[in-house]
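Here's a quick briefing to read with the model open beside you.

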Amino acid sequence: MSSPSAESAPKLAIVGFADGHLREAPFGQDGWTLWGINRLHTLHEGPWHAWYNLHDLERFHGQDQEHLSFLKHFPGPVFLRPDDIGKFDIPNQVPFPISEVLKRFGRYFNNTISYLIAFAIMQDPSDIGVYGVDMAQDALLNAEYSNQRPSCEYFLGIAAGLGIRE
């Protein structure tokens, strides 16, 4: 795969919850498409271009009327796990193409961000920015993020190897 031309390729920003650099995302900057995840809408209004909730929606957010209302009224695509499609009244729901992602990249996934980095690579962008995602290695969050960080680093390495700017 050749690296994309800067003039024609999208710039994709994957935005997470980490306070330290969430607000450094290119909000309102020309040429950037911003992807939000889960309940990030409660921390920042965007503007968002696509939304991703790859958790089991019923299990994690089934009783969360605020979140479900956000997803229902989100004007762009709302990517959900394929088995969540049709379970909730979300007009712009789109099945996340997990089969295609796994076919291309194998099975080294254990978190939403690594799936999104891989999916972003498939869009052939000029840039992938990751903001609000620090995968902290401190003692408090070590159990979750110490297992997730290598997967994200792996896919960012693939992106860099393909000439996608970070």
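Which elements each supply at least two residues of the lining of the second largest pocket? They are helix 5, strand 6 (127–131) and helix 6 (142–161). Keep in mind that you're looking at a predicted model. We'll start with the overall layout, move on to that pocket and finish with the aromatic rings.

**The chain as a whole**

- The chain has six helices and six strands, and from the N terminus on they run β-α-β-β-α-α-β-β-α-α-β-α.
- Out of 166 residues in the chain, 46% are buried.
- Take the contacts between residues at least 6 apart in sequence: 51% of them join residues at least 24 apart.

**The second largest pocket**

- This pocket holds about 220 Å³ of space.
- It is lined by 17 residues, and the closest to its centre are Ile 117, Val 130, Val 133, Leu 156 and Glu 166.
- Strand 6 gives the largest share of the lining, with five residues.

**Strand 6 and its partner**

- Four of the five residues of strand 6 are buried, so the rest of the structure largely encloses this strand.
- Strand 6 is joined to strand 1 (residues 11–15) by five bridges, and the two run parallel.
- To find a spot where they face each other, look for Val 15, which stands opposite Tyr 131 in strand 6.
- While you're looking at strands, here's a handy general point: in a regular strand, the side chains alternate between the two faces of the sheet.

**A closer look at Val 133**

- Val 133, one of the residues closest to the centre of the second largest pocket, is found in the loop between strand 6 and helix 6.
- Is Val 133 buried or exposed? Its relative accessible area is 18%, and buried means under 20%, so Val 133 counts as buried.
- Leaving aside residues up to four places away in sequence, Val 133 touches Gly 16, Ala 18, His 21 and Ile 113.
- Val 133 and Cys 152 are 19 residues apart along the chain, and their C-alpha atoms are separated by 9.7 Å.

**Aromatic rings**

- How many aromatic pairs does a search of the whole structure find? The search turns up 18.
- One of these is Phe 27 with Trp 48, an edge-to-face pair at 5.4 Å centre to centre with 85° between the planes.
- Phe 27 sits in the loop between helix 1 (19–22) and strand 2 (32–37), while Trp 48 sits in the loop between strand 2 and strand 3 (50–53), so this pair ties together parts that are 21 residues apart in sequence.
- Both partners count as buried: Phe 27 has 18% relative accessibility, and Trp 48 has 10%.
- Phe 96 and Phe 119 make another edge-to-face pair, with 5.2 Å centre to centre and 65° between the planes.
- That pair also links distant parts of the chain, 23 residues apart: Phe 96 is in the loop between strand 5 (93–95) and helix 4 (98–105), and Phe 119 is in helix 5 (residues 112–122).
- Phe 96 and Phe 119 are both buried.
- These two also belong to one aromatic cluster, whose members include Trp 35, Tyr 52, Phe 79 and Tyr 154.

Methods
Residues numbered from 1 in each chain as written. Predicted model: local features only at pLDDT ≥ 70, side-chain atom pairs only at ≥ 80, totals over all residues. Heavy atoms only, no water. Phe/Tyr/Trp six-rings, centres within 6.5 Å; stacked < 30°, edge-to-face > 60°. Buried < 20%, exposed > 50% of the residue type's maximum accessible area, 1.4 Å probe, protein only. 1 Å grid on protein atoms, 1.4 Å probe; cavity = no way out; pocket = protein on both sides within 12 Å on 5 of 7 lines; lining within 4 Å. Points joined across faces, edges and corners; volume = space filled by probe spheres on them. Pairing = 2+ DSSP bridges. Contact = heavy atoms within 4.5 Å.
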